[in-house]
Amino acid sequence: MKLNLYNEDLDRIAILEGKFVSCMWSEGYNTTQPFTLELLATDEYKAKVKPDCYVGRDDRKTMMVIKTVRIKDGHVIANGKQANRCLDDVPCESIIQAGADLVSSIRNAYEKSPKFRNLEFGESSLTVTYDHQISNKSFLLMCETMCQATDTGFRVLREGKKLKVEFYKPEVNPNRVLSERYGSLKVDSITLSTENKKNYAIVLGEGEGEARFRVRVDLSGGEQIRAIFVDARDILREEGENDESYSARLAARGYEQLLEKQGTWECAMNPLPQEFGSLYDLGDVITVLLPDYDLKLQARITRFTQQSQNNVIDTILEIGNITITR
């Protein structure tokens with residue numbers, strides 16, 4: 001793991017390479033994961049490692065942004081997140097209508113916003129439709145909500161002196177099959193739970209009692225209905241707004257609440273170090289054979305975490321939105 005430090009203008013100000021005490025590097029497919037870097041408190045690092053600096057790797061495209069720096073006991077400890085975090089400081093006041101193209105609608109809304117220094121949305125040939133109205137969020141929450149709903153990934157990369165937001169969605173490759181029996185991975189944990197799962201929202205808008213305006217959002221798809229009430233009294237009907245438009249705004253609130261109420265279908269595993277990042281990577285759809293559990297899982301790699309210390313890198317992959325075949 002070879003690292004470089006960049007200032008806010010994306011000028012490289014230090015070649016860290018492997019000269020750190022420890023590094024925890026985590027990336028999410030459509031989430032924003034944490035980052036921690038521990039260095040010896042040399043005069044150079046005390047002067048250069050600052051909040052809002054960026055860290056990049058020679059072998060990864062994704063950038064990290066430092067948000068907090070602490071100097072203690074002869075060490076500089078920098079904490080941050082994927083550079084996606086910068087989008088959380090930019091408000092989206094535009095209304096993206098249901099059925100809009102995900103990539104172009106977000107990019108067009110960003111062009112109307114205050115933007116973030118040196119950060120742009122790149123061009124993309126990806127065609128993904130988001131089926132719900134959405135507005136009044138930070139661009140980070142906008143990207144996370146829309147991408148998680150459509151199984152799309154996004155990340156912030158460095159291109160010269162600019163940061164670029166890239167959307168991506170690798171297709172299924174049936175040849176990416178991993179198994180403990182093949183020696184291609186070691187299963188760390190498997191979690192299957194419906195404790196948090198809800199798939200049907202009753203959204204309550206303006207009004208009182210029996211007359212209260214309500215809409216229903218049904219994502220059950222023929223499964224057992226698991227319902228939740230959503231109080232959306234804060235969403236008021238605008239002057240002259242008809243029922244259809246008001247219902248769409250309420251339904252968008254219900255849909256977003258259901259996205260937070262997914263069942264837990266996760267598997268964490270240790271891959272062969274020479275295969276991850278070359279044969280498959282974050283966002284790829286893989287098949288995991290677990291004959292000891294009578295399971296075959298097919299899912300995207302939604303997150304990975306690497307801990308580097310003493311020239312040893314430990315990697316944990318996590319897959320989610322699993323399709324289970326017995």
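In this predicted model, R155 is a buried residue, with a relative accessible area of 16%. Its side chain meets that of E166 in a salt bridge, 2.6 Å from N to O. R155 sits in strand 13 and E166 in strand 14, so the pair ties together parts that are 11 residues apart in sequence. E166 itself is partly exposed, at 26% relative accessible area.

That contact is one of 26 salt bridges in the structure. Another brings together K161 and D11, at 2.7 Å from N to O. Here K161 comes from the loop between strand 13 (153-159) and strand 14 (162-168), while D11 comes from the loop between strand 1 (3-6) and strand 2 (12-17), so this bridge ties together parts 150 residues apart in sequence. Both ends are partly exposed: K161 has a relative accessible area of 49%, and D11 has 29%.

R60 and D281 make a further salt bridge, with their closest N and O atoms 2.9 Å apart. This one links parts of the chain 221 residues apart, with R60 in the loop between strands 5 and 6 and D281 in the loop between strands 20 and 21. R60 counts as buried, at 13% relative accessibility, whereas D281, at 22%, counts as partly exposed.

Then there is helix 3, which covers residues 139-150 and reaches 16 Å from its first C-alpha to its last, close to the span expected for its 12 residues. Among the buried ones are F139, M142, C143 and T150. Just after helix 3 comes D151, which takes a positive phi of about 55 degrees.

Note on methods
Residues are numbered from 1 along each chain as its sequence is written. This is a predicted model: local features need pLDDT of at least 70, side-chain atom pairs count only at pLDDT 80 or more; totals for chains, interfaces and linings use all residues. Side-chain values use heavy atoms; hydrogens and water are left out. Helices (H or I, at least four residues) and strands (E, at least two) are DSSP runs, numbered from the N terminus. The expected span of a helix is 1.5 Å times one less than its number of residues. Buried means under 20% relative accessible area, exposed over 50%, partly exposed in between (1.4 Å probe, protein chains only). A salt bridge is a side-chain nitrogen of Lys or Arg within 4 Å of a carboxyl oxygen of Asp or Glu.
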